[in-house]
Amino acid sequence: QVQLVESGGGLVQAGGSLRLSCTASGRGLSSYIMGWFRQAPGKEREFVAGISRGGTRTYYADSVKGRFSISRDNAKNTVYFQMASLKPGDTAVYYCAKSTSSYSLVNGYDQWGQGTQVTVSS
């Protein structure tokens, strides 16, 4: 079992940046493909980014491509989500997740953290 804990959320002005972190207790994150999801009020949960176990491959949803960057530091048991050029539409609860897949950065996610609130003001 692994416990995922997100941090770094908060209030930021449109055009600003914010970095989210996800740390694991228990089994190390290096064993898993990792990803970030978000859910805004009244909307379905959206998969926005994934990263391979070694950090060499990444995937981004069109909604965040070119603005957000996922990375990881397995020695620190941490995955990051650097968010730039933030828009009010990015306001959501952001969740870190681990995947059961050995190859897909999109499919196989089976566990999420508690989430951290990101609010972007206009």
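Predicted model: local features only at pLDDT ≥ 70, side-chain atom pairs only at ≥ 80, totals over all residues.
Which residues does T116 touch, not counting residues up to four places away in sequence?

1. T116 touches E6, S7, G8, G9, L20, A92, V93 and Y94, leaving out residues up to four places away in sequence. T116 belongs to strand β11, which covers residues 116-121. Its relative accessible area is 10%, so T116 is buried. A polar atom of the T116 side chain lies 3.1 Å from the backbone nitrogen of G9.

2. Next, have a look at T78, in strand β8 (residues 78-83). With a relative accessible area of 7%, T78 is buried. A polar atom of the T78 side chain lies 2.8 Å from the backbone oxygen of K76. If you set aside neighbours within four places in sequence, T78 is in contact with S21, C22, T23, L29, R72 and D73.

3. Strand β8 also has a place in an open sheet of four strands, with the order β1-β3-β8-β7 and antiparallel pairing. At the edges are β1 (2-7) and β7 (68-73), each pairing on one side only. On average, neighbouring strands of this sheet are turned by 20 degrees against each other, direction ignored. Strands of a sheet pair through backbone hydrogen bonds, either parallel or antiparallel. Here β1 and β3 (residues 18-26) run antiparallel and are joined by six bridges.

4. Now for the rings: the model has eight aromatic pairs. One of them is F37 with W112, an edge-to-face pair at 5.5 Å centre to centre and 70 degrees between the planes. F37 lies in strand β4 (residues 34-39) and W112 in strand β10 (residues 109-112), so this pair ties together parts that are 75 residues apart in sequence. F37 counts as buried at 7% relative accessibility, whereas W112 counts as partly exposed at 27%.

5. F47 and Y59 make a stacked pair, because their planes are at 10 degrees, with the ring centres 5.6 Å apart. This pair links distant parts of the chain, with F47 in strand β5 (residues 46-51) and Y59 in strand β6 (residues 58-60), twelve residues apart. F47 counts as buried at 16% relative accessibility, while Y59 counts as partly exposed at 34%.

6. Ring pairs link F37, F47, Y59, Y109 and W112 into a cluster.

Note on methods:
Residues numbered from 1 in each chain as written. Heavy atoms only, no water. Helix = DSSP H or I, 4+ residues; strand = E, 2+ residues; numbered from the N terminus. Buried < 20%, exposed > 50% of the residue type's maximum accessible area, 1.4 Å probe, protein only. Polar contact = N/O pair within 3.5 Å; in protein donor to acceptor, adjacent residues only side chain to side chain. Contact = heavy atoms within 4.5 Å. Pairing = 2+ DSSP bridges. Axes fitted to C-alpha atoms, helices over the stretch in contact; angles between N-to-C directions. Phe/Tyr/Trp six-rings, centres within 6.5 Å; stacked < 30°, edge-to-face > 60°.
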